[in-house]
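Reader: I am new to this structure. Please take me through it in short questions and answers.

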Amino acid sequence: MLYACTASLLLIVGCVLFHYEALRLIGGAAASVSQHRRAVLVVIFGVVAAHLVEILVYALAMYLGHRLGLGALVGQAKPRPTQYFYLSAETFTTLGLGDIYPTSDLRLIASIEPLIGMLLIGWSGVVHVPGRAALLDRPAIAERA
């Protein structure tokens with residue numbers, strides 16, 4: 001249980017710090033683009049990439065926990081690395097199909113992941129949507145888009 005608690009705390013801190021830096025870089029890259037459509041694409045693809053990295057980090061933590069004997073994935077006899085990514089993606093986005101789920105100590109990591117996923121997804125929208133909407137209010141930029 002110590003690994004799961006420590007891993008959960010490190011994953012939260014690491015993902016929040018990573019997300020902050022990703023949003024900062026994405027915002028800077030979008031601000032340097034003169035066309036509104038391209039700026040929006042920079043934001044969308046940048047945010048999706050950031051979330052995919054965060055999902056991958058959680059998948060790696062669950063894979064490592066499984067390899068250390070701290071739990072398993074139910075629903076697959078021999079889970080492949082892609083199934084850890086699948087589980088992490090459905091957990092991060094709160095989809096939660098339930099066809100694959102962790103056991104033992106890995107449940108703690110999986111139960112914290114949707115909380116951080118919802119917060120980071122919401123944070124992405126709060127940071128970038130108002131900025132992009134403000135651009136639409138400026139006639140010169142809206143006409144070029």
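Reader: How many Å does H3 reach from its first C-alpha to its last?

Author: This is a predicted model. H3 has 12 residues. At 1.5 Å a residue, the expected reach is 16 Å. From first C-alpha to last, H3 is close to that, at 16 Å.

Reader: Which residues in H3 are buried?

Author: Buried means under 20% relative accessible area. In H3 that label goes to Gln83, Tyr84, Leu87, Ser88, Glu90, Thr91 and Phe92.

Reader: What is the relative accessible area of leucine 87?

Author: Leucine 87 sits in helix H3. The cut-off for buried is under 20%. Leucine 87 is buried, because its relative accessible area is 2%.

Reader: Which residues is leucine 87 in contact with, leaving aside its neighbours within four places in sequence?

Author: Contact means heavy atoms within 4.5 Å. Neighbours within four places in sequence are left aside. The contacts of leucine 87 are then Met62, Leu73, Ile100, Tyr101 and Pro102.

Reader: How many Å apart in space are leucine 87 and aspartate 99?

Author: In sequence, leucine 87 and aspartate 99 are 12 residues apart. In space, C-alpha to C-alpha, the figure is 8.9 Å.

Reader: At what angle do helix H2 and helix H3 pack?

Author: Two packed helices are described by the angle between their axes and the distance between the axes. For H2 (residues 36-67) and H3 (residues 81-92), the axes are 8 Å apart. The angle makes H2 oblique to H3. Its value is about 125 degrees.

Reader: Is the crossing of H2 and H3 left-handed or right-handed?

Author: H2 and H3 pack with their axes 8 Å apart. Their crossing is right-handed.

Reader: Which residues in H3 does H2 meet?

Author: From H2 come His51, Leu52, Glu54, Ile55, Leu56, Tyr58, Ala59, Met62, Tyr63 and His66. The residues of this contact divide into 12 nonpolar, three polar and one charged. The H3 side is Tyr84, Phe85, Leu87, Ser88, Ala89 and Phe92.

Reader: Is histidine 51 buried or exposed?

Author: Histidine 51 lies in helix H2. Its relative accessible area is 10%. The cut-off is under 20%. Therefore histidine 51 is buried.

Reader: Which residues is histidine 51 in contact with, leaving aside its neighbours within four places in sequence?

Author: Histidine 51 is part of the H2 side that meets H3. Leaving aside neighbours within four places, its contacts are His19, Phe92, Leu120, Ile121 and Ser124.

Reader: How many Å does H2 reach from its first C-alpha to its last?

Author: H2 has 32 residues. At 1.5 Å a residue, 46 Å is expected. Just after H2, glycine 69 takes a positive phi of about 80 degrees. The reach of H2 is close to the expected value, at 46 Å.

Reader: At what angle do H1 and H2 pack?

Author: The axes of H1 and H2 are 10 Å apart. The angle makes H1 roughly antiparallel to H2. The contact residues divide into 20 nonpolar, four polar and one charged. The angle is about 165 degrees.

Reader: How far apart are the end C-alpha atoms of helix H1?

Author: H1 (residues 2-31) has 30 residues. At 1.5 Å a residue, they should span 44 Å. The end C-alpha atoms agree with that, at 43 Å.

Reader: Which residues in H1 are buried?

Author: An α-helix has 3.6 residues a turn, so residues three or four places apart point the same way. The buried residues in H1 are Ala4, Ala7, Ser8, Leu11, Cys15, His19, Ala22, Leu23, Ile26 and Ala30.

Reader: Where does serine 104 lie?

Author: Serine 104 has a positive phi of about 55 degrees although it is not a glycine. At 39% relative accessibility, serine 104 is partly exposed. Its place is the loop between E2 and helix H4.

Methods. Residues numbered from 1 in each chain as written. Predicted model: local features only at pLDDT ≥ 70, side-chain atom pairs only at ≥ 80, totals over all residues. Heavy atoms only, no water. Axes fitted to C-alpha atoms, helices over the stretch in contact; angles between N-to-C directions. Helix = DSSP H or I, 4+ residues; strand = E, 2+ residues; numbered from the N terminus. Parallel < 35°, antiparallel > 145°, perpendicular 65-115°, else oblique. Left-handed = near helix turned anticlockwise from the far one by under 90°. Nonpolar A, V, L, I, M, F, W, Y, C, P; charged D, E, K, R; others polar. Expected span 1.5 Å × (residues − 1). Buried < 20%, exposed > 50% of the residue type's maximum accessible area, 1.4 Å probe, protein only.
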